[in-house]
Amino acid sequence: MATIEECRTALDKLSGNLAGAEDGVRGAAALDRSLSCRITDLDVTFTGRLQNGRITVLDTHPGAPREKAEIRLAMSGDDLVALVDGELNFAKAWASGRVKLEAGLRDMLRLRSLL
């Protein structure tokens with residue numbers, strides 16, 4: 001089982017991947033939205049912002065998100081690490097329910113190129 005530190009490292013790596021991505025992907029991630037990532041097996045939530053193609057983690061706290069973020073993710077720590085390392089396909093994990101993504105319709109349409 002992935003640790004909180006490994007999950008935080010995975011989010012930092014994801015942020016770096018987004019910042020270094022090609023124009024189309026970087027453009028899709030160039031939103032300014034609040035973000036939460038709930039790690040279900042650790043019962044912890046990372047909160048922050050997706051802004052200018054980067055993820056900035058601002059807080060980590062136990063339990064469910066305290067406020068409803070504009071983009072909400074939920075998954076196990078192992079799945080987060082596997083996604084970022086390229087070992088788990090996001091679309092398949094999302095379709096099977098291993099990863100949950102909630103956002104407004106416009107954001108979902110814009111983020112689809114990231115999926």
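Trainee: In this predicted model, what makes β1 and β2 a pair of strands?

Mentor: Eight bridges join β1 to β2. Pairing requires at least two bridges between two strands, so β1 and β2 count as paired. The two strands run antiparallel. One of the contributing residues is isoleucine 39, whose bridge partner in β2 is valine 44.

Trainee: What lies between β1 and β2 in their hairpin?

Mentor: Four residues separate the two strands of that hairpin. Aspartate 43 sits in the turn with a positive phi of about 50°.

Trainee: In which order do the strands form the open sheet?

Mentor: The order of the five strands is β3-β2-β1-β4-β5, with mixed pairing.

Trainee: Why are β3 and β5 called edge strands?

Mentor: Each of them, β3 (54-62) and β5 (100-103), pairs on one side only. Neighbouring strands of the sheet are turned by 20° against each other on average, direction ignored.

Trainee: What makes helix α1 a helix that packs on the sheet?

Mentor: Helix α1, residues 4-19, touches β1 (32-39), β2 and β3. A contact means heavy atoms within 4.5 Å. The direction of α1 makes about 165° with that of β3. Helix α3, residues 77-84, packs on the sheet too, touching β1 and β4 (71-75). Its direction makes about 110° with that of β4.

Trainee: Does serine 36 count as buried or exposed, and why?

Mentor: Serine 36 has 1% relative accessibility. Buried means under 20%, so serine 36 is classed as buried. Serine 36 belongs to strand β1.

Trainee: Which residues does serine 36 touch, not counting residues up to four places away in sequence?

Mentor: They are Thr45, Phe46, Thr47, Pro65, Ala69, Ile71, Arg72 and Leu73.

Conventions: Residues numbered from 1 in each chain as written. Predicted model: local features only at pLDDT ≥ 70, side-chain atom pairs only at ≥ 80, totals over all residues. Heavy atoms only, no water. Axes fitted to C-alpha atoms, helices over the stretch in contact; angles between N-to-C directions. Buried < 20%, exposed > 50% of the residue type's maximum accessible area, 1.4 Å probe, protein only.
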